Each structure stands twice: as C-alpha cells, then as structure tokens.
Amino acid sequence: MKFIEGQKADDTLDLVCRMCPMHLLEPGDRLKCMTKGQVLEVLTDYDGALDDIPDWCSKCGHEFIGMEEDDEYYKFYIKKKK
Amino acid sequence: MKSAYLDHASATPVRNEVIEAMLPYFRERFANPSNVYDIGSEAKRAVDQSRASVAGLIGAEDKEIIFTSSGAEANNLAIKGIALARQKKGKHIVVSSIEHHSVLNSVRFLERLDFEATFLPVDKYGLVSPESLAKVIRPETILVSIMHANNEIGTIEPISEMAAICKDKEVIFHTDAVASVGNTRVDVGILNVDLLSLSGPSLCAPKGTGALYFRKNVRLMPLIHGGIQESGRRAGTENVPGIVGLGKAAELAKTELPEKEPYVRKLRDRLVDVVLKKIEKVTLTGHSAKRLPGHASFCFEGIEGESLIFMLAQNGIYVNTGSACASKALKTSPVLTAIGIRADLAQGSTVFTIDSDNTKEEIDHVLEKLPTIVHRLRSISPIWGKEIPAYEEGVCS
C-alpha cells in the first residue's frame, strides 16, 4: 500500500457508512463526470477497500495514487487516466 | 347503522388509485429492481419515480430519500444511524419527552451503549421551548430529535426555530413527521431539518411503507446490512409494490393538501366547539391553534377512555385513546403525563383524527352520540363528580 500525505483532489466522494460494494460502484460513475488527469478523493470506512480500490484502479485503467488514513476513515486518491 | 371512522392517525384507508398503481408490481412487473435485464430496470424506474414523488411532497431531492418498512424504522435509522456514525464526535443526544416510542426506545437502547440522553420537558400544550433546547446543547451533543407534530395531542412544534439553533451549533437535527406529512404542509427546506421520518399508512399508502429524508452529506450508519439497495444505506430487496403505492399516495397528497387542510380543519373545529359546549368537564389537550388541522383530543372527566372507545365503536364511531401502539399497554399515556394532565383524567383521553374522507354528517353523528355516551358512563363512574383541577400542580408551566 502506498501511503501519501497532503494530496490535493478535484472532487471528493464520501462513502463513509455506506455498504460494500458501493466503494466499487460509485467511483466509476463519479470519474465519468471528471476529465482526464483530474484526481478523485474517495472517503470510506470499509476495510476491504484497502485491497479493492487499488485492484479496481488497475482493472479499469485509472492510476491509484495512494491513500491516507484519517481517524475515522480512509482517503483514497485516484487519477483519471482515460 | 351510521358509521364514522375518525382514527386516521392509526391507519388510513388505502386509496383506489394507490392500489391500482401497485397491482402491476405484484403481477407482470414483479422483477427485482437490482436485476440488469429490462423487466428489472422497469421495476427500478418505478422505485426511482416513487422516490421523486416522495421527495416532491416534502421539498427534498430524490437522492435524499431512503425507503423503509415504516415510520418506526425511519425513526430507528435516524436516531441509531446518526448516533453510530457520529459517536467519535460525542455521545450526547437530546429528545423531547413526548416523542413516539420508536424514538424514545431507540434512545434508551443507545443509553445501554454508553450514550447519554437528555429528555426535554414540554409545557401544558406539549410545546418544547427552543430556549430550553439551546441550554442543554453541549460540545458533545451530536443529535437532537423533536417531533414535528404529536400524534396524541396534535401540537405542532416550532421545528424551524429549533433546527436553526442546532445548525448554529453544528448538531444534526431530526424530526419525526409521521403525524404531519400529508396532513399539513411539510417542507424540509422551510423546516431546516437534516433528517425527517414519514410513514405510508398516515397518507393512504399501505402499511409496511415509510421513508427517511436525510440531507445530502449527512452520514448515516445502516441498520440492515447486506447489498447495495438504497445506495448502500439499507439492504434488502425493495418492497416495490409498497414503494410504488407510497409514491402514488405522495403525489395525491401533494395535489390535494391545499383543499384538504381547510376542509378537515372546518370539521375539526365544529367537533371541538360543540363537544366543549355540550359536554361539561372536558379538556381539549394540546394547543388550541398550533395543532394538526384534522386533530382533536380530549380528556373526559370521570370516565375511562377505553370504555368510551368501546361504546363509541358500538355506535359505529371509531376513535382512539392515544397512540395506537401505546393504548393497549393500559398505562397512563407518557405524553399526557408530560403535559401535566392528572392521572385519573388522563384515563379519559380520546383522540379524533379526521381526514378528507370524513363528512359533516359523520361529525354530526358523533355529536349526537358522544354526549349521551359520556353521560351514561359518568352515571356509573365511582370518580365522577369530584372537584379536582385538570392539570397536576407544578408539573408544567
């Protein structure tokens, strides 16, 4: 896992308290509304996302920049590549 | 025999238009809305359309509605869902002492999980004072829940004032609007609330339906875990026919409310005026003006509400003693206790809830039978005739 700090994002998707697999459904929809090169921040408290989101990024062809851990949730950063 | 159903707070008849809208979703359009094939998508579109209708009734956005199985579930989801999602910020919750059991018992459950609750008192009309709310909010307060209108005494609370106090202090505000949605105008923007519960059976939709409004960006811990239904906030295959029925009922309620409100108010005012004039020693409970338009609640001195309900029913008149769920428990209503009504007088509590399907003739039927029945019950009552004030001294201001 790549841990980062202070990453800026163009948009944030708050999925805290939302059930699995929303963390694999909603980022795709949100990225469709963004332009290539922009960064999406995904907030989730679901532990399974630690494996799922990097895998999902490689399957979908987006760049997984890294993650930051907050007190209450994880912040994942995805760069739209296509 | 003439009859008059005046217990619409307990249940409303499901409208024919609602039943017609639901029927195809039991038959040819039975598919699961989560399925990707065409008949599944058709069911999903119907759910989405109903979501828009329910949102439209209360001035919300479609995405801010979660369908539930009842108003009680909506209240549980609001109270426990917010408490569990925000517990790292604090564990203090404020509710009024006259909330529905689904709010009070959710809070009592949370107390067992080390949450702390403050139960706000009310005045003799059942009104919560915004000033008293402001005083009890502290840095660890995460949620305030005050009902929009009380089902038992009809009083409408100053919700927007209290919600503004909470907004200022960054505390989430929930209101239980089960008694008011469909009976008076309810707009989440005007009320300024973060969450609002409503129930299908209060607005001519089938039992087993309800919804929770939650303002965008409010985090809510799900109570039912499973799949992705309701955007991952409430698992379980959607009750498509029920949801379609609720959506149709919401559409009808929105269209008809401007005419319904003055109509039922007129019937209610006539009922109240004549009862207070014709029958001695009767107390109108709740606020005389700040109350639901079709709601009239009385305490008849010297008689038991249950006996009165029974004798009225023998004459085709259907009313209630208090909240439908509490009346079977045969204990003094906590709402009447909170507004300071004397315990023996509270036994004579009777609630009339009028809707647009009631007529002037039905109210006349009640006004013809009620005084005679009250007189007869008092003639055999061991406590009738004693001179005691209606309200307990020093309980409420």
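**View 1. Confidence along chain A.** Among the elements of chain A in this predicted model, strand 2 (residues 39-44) of chain A comes out with the highest mean pLDDT, at 98, while helix 1 (residues 22-32) of chain A has the lowest, at 95. Chain A as a whole averages 95, with 100% of its residues reaching 70 or more.

**View 2. Where chain A meets chain B.** Chain A puts 10 residues into the contact, and chain B puts in 13. Sorted by class, chain A's side of it has 6 nonpolar and 4 charged residues, with no polar ones.

**View 3. A parallel strand pair in chain B.** Strand 3 (residues 92-96) and strand 4 (residues 116-120) of chain B run parallel and are joined by 5 bridges. Look for B:His92, whose bridge partner in strand 4 of chain B is B:Glu116. To get from strand 3 to strand 4 of chain B, the chain goes through helix 4 (residues 101-111) of chain B, making a right-handed β-α-β crossover.

**View 4. What sits over helix 4 of chain B.** Buried residues in helix 4 of chain B include B:Ser102, B:Val103, B:Leu104, B:Ser106, B:Val107 and B:Leu110. Their cover includes helix 3, strand 3, strand 4, strand 5 (141-145) and strand 6 (172-176) of chain B.

Key: Residues are numbered from 1 along each chain as its sequence is written. Chains are lettered from A and ligands numbered from 1 in the order in which they are written. This is a predicted model: local features need pLDDT of at least 70, side-chain atom pairs count only at pLDDT 80 or more; totals for chains, interfaces and linings use all residues. Two residues are in contact if their C-beta atoms, placed from the backbone, lie within 7 Å. Ala, Val, Leu, Ile, Met, Phe, Trp, Tyr, Cys and Pro count as nonpolar, Asp, Glu, Lys and Arg as charged, and the others, Gly among them, as polar. pLDDT is the predictor's confidence in each residue, from 0 to 100. Helices (H or I, at least four residues) and strands (E, at least two) are DSSP runs, numbered from the N terminus. Two strands pair if DSSP finds at least two bridges between them. A crossover is right-handed if, with the strands pointing away from the viewer, the path from the first strand over the helix to the second runs clockwise. A residue is buried if 20 or more other C-beta atoms lie within 10 Å of its own, exposed if 12 or fewer, and partly exposed in between; C-beta atoms are placed from the backbone.
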